[in-house]
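Dear colleague,

Please keep it open while you read.

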Amino acid sequence: MRNRQIPKGLRDLLPDEVKVIRNMEKKAAQLFSSYAYEEVMTPTFEYLEVIEAGRGSRREDLFLFVDREGGILSLRPEVTGSIARMASIHLHDADFPRRLFYMANVFRHVQPQLAQYREFRQTGVELLGAEGIWADAEVINIAVKLLEIMGLKSFKISINQLPIFNSLLDESGLNSEDRSLVRQLVEEKDLVELYRLLEGLDIDDELKDTIAALPVLHGGLEVIKRIPYVEKNRKASAAVEELIKIYDALKLYGATSHIVVDMGVLRNLDYYTGLVFEGYSPDLGYGLLGGGRYDNLLGQFGLSCPATGFALHMDRLALVLPCREEERDHYLLGGGDFPSLIAQAEKLRKQGYIVEMDLGGHSQAELEKKIEGKENWTLIYLD
Amino acid sequence: MKQDFLTIALSKGTLLKPTVKLLEQAQLPVSGLSEDSRNMVFSYEEEGIKYLMCRPTDVPTYVEQGAADLGIVGKDVIVEQAKDVFEMVDLKYGYCRFVVAVPDSMKDRNLREFNYRRVASKFPLITEKFFRERGLQVDVIKLHGNVELAPLMGLADMIVDLVSTGRTLKENNLVELVKIMDSTTRLICNRVSYRIKHERIQPLIEKIQKIVKGGTGNEIA
């Protein structure tokens with residue numbers, strides 16, 4: 001029966017699941033607002049050109065269709081690209097920095113399985129028009145605080161500075177083909193092939209070892225001392241300096257207990273330009289959030305402007321959250337005296353309680369049985 | 001992903017013996033570890049190690065989803081499954097290679113002559129990618145075993161298959177036309193485990209790297 005199926009990778013969310021999501025949204029919105037971020041909404045689908053100027057999503061991951069004017073449209077696979085487009089049209093003479101946040105469903109043509117959905121909810125912040133360590137630290141701190149207020153006990157946020165890797169690669173003197181091969185292997189995390197490729201390349205041995213070591217360097221700030229070659233490269237050492245400063249800034253926020261420095265966070269190397277980070281829970285094999293500095297994106301839409309931000313995968317977070325919070329008190333009203341019942345119900349609702357009317361004409365005994373074992377339920381029976 | 005245990009997915013079959021040997025050399029517990037047992041999970045409380053006995057093709061799935069932190073599996077399987085996992089160490093054993101093979105009578109042909117032909121394989125992804133990257137198009141016929149039979153029976157013009165010695169090909173009057181890639185066994189790691197359980201995983205990886213480099217009896221099996 002086709003009319004009982006839903007497309008692959010999509011889900012119905014039942015009341016208990018929606019409660020979890022709405023609760024997360026509420027907490028996130030409160031947190032973002034307290035840092036002066038304002039909510040925006042962008043269209044659910046955009047011209048393909050906009051989407052492709054964004055994260056450079058692979059086309060096979062997009063849901064594409066055509067409008068009757070012949071434009072190729074794509075359901076948004078993420079929101080940052082749309083916000084960049086929006087900012088370039090509507091905010092170009094705004095006072096910067098602008099702090100924006102969003103909550104939106106996004107669509108990706110992934111192979112569906114646990115934690116991989118074709119439609120899922122994201123929430124995120126974008127800090128537009130601010131450069132420097134204090135902007136980076138603010139955004140990372142919000143990511144830490146976000147996972148904290150969601151009630152996640154143990155999680156880690158890995159941070160890295162992409163310019164360390166990029167400037168070493170630039171210096172290697174490799175031709176662009178080898179360079180993009182190195183990047184590809186690093187992004188695919190195929191370290192075996194990476195070592196093999198590096199072995200055969202004609203570059204400085206120490207540099208080679210450093211490039212090979214970066215994807216697995218991981219720990220506190222001290223790991224930076226374990227990348228020997230970096231001192232020789234001015235750009236790379238400047239990037240390292242900055243990473244240390246950002247770490248120190250996060251200390252001021254009291255946010256470092258969850259932070260690790262991880263030179264292996266090397267994602268979307270063509271998109272991010274500076275500090276990048278990812279968040280993980282020990283209870284899920286996939287990342288929960290990711291973000292970083294993307295100073296070149298807005299330029300693609302004609303507004304040259306630095307920017308940084310992150311997005312949280314809410315459906316994944318929902319999989320690892322501890323049990324739901326207490327609900328408000330719940331009244332069940334039954335009996336035949338509807339004038340009194342309705343008056344009573346409206347009064348209670350005004351006071352903020354949840355009031356449910358029995359519509360089945362059940363007896364008092366039947367209704368008492370219904371609320372048995374439910375802690376915050378009360379029965380009012382008026383006949 | 002249980003935090004207190006380090007869970008390792010192992011490939012049943014031919015890889016198991018050299019794998020157990022490697023684990024032993026890396027001073028991991030192996031007593032009673034065998035696929036003949038009915039057990040699918042082997043727990044070693046004291047050492048905090050758990051092994052899952054898996055079909056090789058399932059190992060990348062267990063690791064990608066975090067049901068196992070680490071996995072030991074052939075590169076051939078990793079490529080065909082295209083899962084998002086860290087590939088950490090080349091363990092060197094379990095060598096085999098992907099080849100395009102054709103009937104004896106076609107042995108001197110150029111690969112281009114097989115454009116638009118039919119190819120039978122257990123590995124449709126690798127097959128399709130290989131031909132596509134060369135600008136060729138083929139009809140991939142997915143089979144689940146005895147692929148050598150397909151050209152004999154006229155089901156396909158050629159096959160893409162894994163070969164270690166080449167004997168099976170010869171027995172079926174097939175010859176290797178092109179090598180697609182070499183494959184050996186790899187140690188793979190879940191992307192989150194690698195970060196969350198770094199203190200346990202990194203030393204283990206370094207130990208295994210040393211063993212493999214030292215070549216202590218673990219050369220190509």
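To begin with one pair of residues, A:Glu38 stands opposite A:Leu100 in β5(A). These residues belong to β1(A) and β5(A), two strands that run parallel and are joined by 2 bridges; here helices (H or I, at least four residues) and strands (E, at least two) are DSSP runs, numbered from the N terminus, and two strands pair if DSSP finds at least two bridges between them.

Before going further, please note that this is a predicted model, in which local features need pLDDT of at least 70 and side-chain atom pairs count only at pLDDT 80 or more, while totals for chains, interfaces and linings use all residues. Residues are numbered from 1 along each chain as its sequence is written, and chains are lettered from A and ligands numbered from 1 in the order in which they are written.

**Chain A**

In chain A, 9 strands make up an open sheet of mixed pairing, in the order β1-β5-β6-β12-β11-β10-β7-β9-β8. At its edges stand β1 (38-39) and β8 (218-219) of chain A, each with a single partner strand, so one side of each is left without a neighbour in the sheet. Helix α3(A) packs on this sheet, where it touches β5, β6 and β12 of chain A, and its direction makes about 40° with that of β6(A); axes are lines fitted to C-alpha atoms, for helices over the stretch in contact, and angles run from 0 to 180 degrees between N-to-C directions. Contact between two residues is taken to mean that their C-beta atoms, placed from the backbone, lie within 7 Å.

Within α3 (residues 80-90) of chain A, the buried residues include A:Ile83, A:Ala84 and A:Ala87. A residue is called buried if 20 or more other C-beta atoms lie within 10 Å of its own, exposed if 12 or fewer, and partly exposed in between, again with C-beta atoms placed from the backbone. The buried residues of α3(A) pack against several elements of chain A, among them β2 (45-47) and α2 (48-53). Helix α4 (residues 133-149) of chain A lies across β6, β7, β10 (275-280), β11 (289-293) and β12 of chain A, and runs at about 15° to β12(A).

**Chain B**

Chain B has an open sheet of 6 strands, also with mixed pairing, in the order β2-β3-β1-β4-β11-β5, and its edge strands are β2 (41-44) and β5 (86-90) of chain B, each of which pairs on one side only. Within it, β1 (residues 6-11) and β3 (residues 49-54) of chain B pair in the parallel sense over 6 bridges, with B:Leu6 opposite B:Ile49.

In helix α1 (residues 16-25) of chain B, the buried residues are B:Pro18, B:Thr19 and B:Leu22. Seen down the axis of α1(B), they fall within an arc of 105° (taken from the directions from the helix axis to the C-beta atoms), so they line one face of the helix. What covers them includes β1, β4 and α8 of chain B.

**Where the chains meet**

The contact takes 17 residues from chain A and 16 residues from chain B. On the side of chain A, β7 (156-161), α7 (191-200) and β9 (259-262) each supply at least two residues. Helix α7(A) lies across β5 and β11 (185-189) of chain B, running at about 60° to β5(B).
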